[in-house]
Amino acid sequence: MKKRILCRALTGAPIGLAISTAITIFSSIIYGDGNYYPVVPALVEQCGNEINAVVAQMVASLLYGAVWAGASVIWEMDDWSLLRQTVTHLLAGSIATFPVAYLMYWMKHSIAGVVVYFAIFIGIYVGIWITLYSRAKREVTKLNEKVSLQNR
């Protein structure tokens, strides 16, 4: 299992970086002044200059992607209930996501910022979970129908 986690983490790291980079590009497009903003100004200030901030965000994005990909192994724990898998995966993702979001200034550094961050995080997580659960349930129903037809 450790090998699967490591392999997934190594695959997820560049995916995390790619997603982070795509977000900065889309954010820059939305901002709409023709400039590219690879990091938020507060991170530049915190890191001393833009290149240090970009490197910090790159490392954080690699780690972020690695953790999420590695955590996907949780869904393969067949002896765990769906509730246990979901709670464990949510906690693993939260433990990885919150510090990165906070340190990279992807959220406001205030109580309200933390509340809004977690509301958005939980909302996105629940939305993705419901979508994936619904898809899996449809697939199981189709398989059961095929098995039922073959047994007739």
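Hi everyone, let me start with a glutamate: at 32% relative accessibility, E76 counts as partly exposed, where buried means under 20% relative accessible area, exposed over 50%, and partly exposed in between, with a 1.4 Å probe and protein chains only. Before I go on, a word about the model: it is predicted, so local features need pLDDT of at least 70, side-chain atom pairs count only at pLDDT 80 or more, and totals for chains, interfaces and linings use all residues. Residues are numbered from 1 along each chain as its sequence is written, and side-chain values use heavy atoms, with hydrogens and water left out.

Back to E76, then. What does its side chain meet in a salt bridge at 2.2 Å, N to O? That partner is R8. By salt bridge I mean a side-chain nitrogen of Lys or Arg within 4 Å of a carboxyl oxygen of Asp or Glu. The pair links distant parts of the chain, with R8 in helix α1 and E76 in the loop between α3 and α4, 68 residues apart. For the element names, helices (H or I, at least four residues) and strands (E, at least two) are DSSP runs, numbered from the N terminus. R8 has 25% relative accessibility, so it counts as partly exposed.

E76 also forms a salt bridge with R4, at 3.1 Å from N to O. Here R4 sits in helix α1 (residues 2–31) and E76 in the loop between α3 (50–71) and α4 (82–103), so this contact ties together parts that are 72 residues apart in sequence. R4 is partly exposed too, at 39% relative accessibility. Put together, R4, R8 and E76 are linked in a network of salt bridges.

How many salt bridges does a search of the whole structure find? It finds three. E139 is partly exposed with a relative accessible area of 40%, and K142 counts as partly exposed at 46%.

The largest pocket holds about 1500 Å³ of space. Of the 45 residues that line it, the closest to its centre are I19, I23, Y64, T97 and I124. Grid points are joined across faces, edges and corners, and the volume is the space filled by probe spheres set on the points.

Which elements give two or more residues to the lining of the largest pocket? They are α1, α3, α4 and α5. The largest share, 13 residues, comes from α1. By type, the lining divides into 29 nonpolar, 14 polar and two charged residues. In that count, Ala, Val, Leu, Ile, Met, Phe, Trp, Tyr, Cys and Pro are nonpolar, Asp, Glu, Lys and Arg are charged, and the others, Gly among them, are polar.

On the outside, I25, F26, I29, I30 and Y36 form a nonpolar surface patch with about 580 Å² of accessible area together. Patches take residues with over 30% relative accessible area and no salt bridge, joining like charges within 9 Å and nonpolar side chains (Val, Leu, Ile, Met, Phe, Trp, Tyr) within 5 Å. The areas are Shrake-Rupley values with a 1.4 Å probe, and for residues only the protein chains shown count as cover.

Two last stops. Y105 has a phi near 60°, a positive value in a residue other than glycine. You will find Y105 in the loop between α4 and α5, partly exposed at 22% relative accessibility. Finally, V67 in helix α3 is partly exposed, with a relative accessible area of 34%. The C-alpha atoms of V67 and G16 are separated by 9.3 Å, although the two residues are 51 apart along the chain. Thanks, everyone!

How values were computed. On a 1 Å grid over the protein atoms alone, a cavity is a set of points where a 1.4 Å probe fits but cannot get out, and a pocket is an open set with protein on both sides within 12 Å along at least five of seven lines; lining residues have an atom within 4 Å of a point.
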